[in-house]
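Here's a quick tour for anyone meeting this model for the very first time. Have a look at the picture, then read on.

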There are 2 protein chains.
Amino acid sequence: MNKIANKNNVTWFNGYVSREDREKLHGHKGAVIWFTGLPASGKSTIAHLVEKELHRQGCSTYVLDGDNIRHGLCSDLDFSPKDRTENIRRIGEVTKLFVDAGIIVLCAFVSPYKKDRQKIRTLFADGQFLEIYVHCPPEICTKRDKKGIYAKAKAGVIKEFTGISAPYEPPENPDLVIHSHRQNATEAAKHIIFSLKQRKII
Amino acid sequence: MNKIANKNNVTWFNGYVSREDREKLHGHKGAVIWFTGLPASGKSTIAHLVEKELHRQGCSTYVLDGDNIRHGLCSDLDFSPKDRTENIRRIGEVTKLFVDAGIIVLCAFVSPYKKDRQKIRTLFADGQFLEIYVHCPPEICTKRDKKGIYAKAKAGVIKEFTGISAPYEPPENPDLVIHSHRQNATEAAKHIIFSLKQRKII
């Protein structure tokens, strides 16, 4: 047992069961696979396919998703730069809890700012955080977009839309790049599973 | 696969792996055991002991704790009534994600307001949420308090301290009451494990 105190008399109690204990129980490491890329680039689709295969292999998994997190934890936040940063900060902290619980978390978020993604990386040990850049040219994203959000963004109906009216900063040194206009989602998922094995996460 | 849309063109994609699939993998239900009570009433101690035993039995568990959550996800919040409510709201949403991941989450928070705890309950299906009132007279809490936080609160060094300078609203119909001044933590943990079996969570 280990205790760490901070400025507000708040103490961190590590408990009896450690991350390592939970990893042993699950038979794999706790880790985060962080997908970043433009809206409709394929992040969520690939993340869910990876989860499907990991689950089939008996891994404890969970997908945190730009869409579904905004219904709950971040329902109070909008798409302004300040709120986007807070959105990603909270997701990072939640992801940390999941990794500590020995889960493989798949995070599919536009996460457009480099500095926000870099902050997330600092929350994790080496080898726990895998940044995957889902690269897709904006014109292909627009064509793929079944929800019609690109059209709405271009018409100004949706404000502060990444790639149209808000910036996207691509990662410089991602752990993996998926060119989702050249590689289909199933192939991309296989590629990622292979990488997790190489890194001894599974 | 199921999609639900909300006001901001945000769609909830349920994915391929369901809570039920994850529960089957883990061999138990996803559920939340929510401990409420005065500071130093024994919530965290009991929660960690319950986790220890659940882990021994092969369950996938995690403790969310008033102490450790405030280092990360809620490090931007103070102890004002408004921030306490936001603190509990965020924890509720995170807990929901963990339960959806098929985990047994043990939440040990003062959570002093009845309406906040009731809101949390509405996030879960019947049988997924177990409210445990850790009851302990304030004078015993004060004696037990190793961190000296009651003394600091009485001296006014810590403001808005539940039981001293901020209210605590006890639950009217908790699922279980632990009288932590009459029952030791190990007995309390056994009592809770028995209750989880009765409810077919484990």
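**A first look**

In chain B, strand 3 (residues 31-36) and strand 6 (residues 129-135) run parallel and are joined by five bridges. This is a predicted model, where local features need pLDDT of at least 70, side-chain atom pairs count only at pLDDT 80 or more, and totals for chains, interfaces and linings use all residues. Residues are numbered from 1 along each chain as its sequence is written, while chains are lettered from A and ligands numbered from 1 in the order in which they are written.

A word on terms: helices (H or I, at least four residues) and strands (E, at least two) are DSSP runs, numbered from the N terminus. Two strands pair if DSSP finds at least two bridges between them.

**The sheet in chain B**

- The open sheet of chain B has five strands in the order 4-5-3-6-7, with parallel pairing.
- Strand 4 and strand 7 (176-179) of chain B sit at the edges with a single partner strand each, so one side of each has no neighbour in the sheet.
- On average, neighbouring strands of this sheet are turned by 20° against each other, direction ignored. (Axes are lines fitted to C-alpha atoms, for helices over the stretch in contact, and angles run from 0 to 180 degrees between N-to-C directions.)

**Helix pairs in chain B**

- Helix 2 and helix 8 (residues 185-198) of chain B have axes that come within 9 Å and cross at roughly 55°.
- Helix 2 and helix 8 of chain B are therefore oblique to each other. (Angles under 35 degrees count as roughly parallel, over 145 as roughly antiparallel, 65 to 115 as roughly perpendicular and the rest as oblique.)
- Their crossing is right-handed.
- (Two residues are in contact if their C-beta atoms, placed from the backbone, lie within 7 Å.)
- Helix 4 and helix 5 (residues 114-122) of chain B pack at about 15°, their axes 10 Å apart, and are therefore roughly parallel to each other.
- Here T85(B), I88(B) and G92(B) of helix 4 meet D116(B), K119(B) and I120(B) of helix 5.

**Chain A**

- Chain A has eight helices and seven strands.
- Five of its strands form an open sheet in the order 4-5-3-6-7, and the pairing is parallel.
- The edge strands of chain A are strand 4 (61-65) and strand 7 (176-179), each pairing on one side only.
- Five bridges join strand 4 of chain A to the parallel strand 5 (residues 104-108), where D65(A) stands opposite A108(A).
- Helix 4 (residues 81-100) of chain A lies across strand 3 (31-36), strand 4 and strand 5 of chain A, at about 160° to strand 5.
- The C-alpha atoms of chain A fill a box of roughly 55 × 40 × 30 Å along the principal axes.

**Where the chains meet**

- The contact takes 39 residues from chain B and 39 residues from chain A.
- On chain B, the elements that each supply at least two residues include helix 2 (43-56), helix 4 (81-100) and helix 7 (149-154).

Note on methods. Left-handed = near helix turned anticlockwise from the far one by under 90°.
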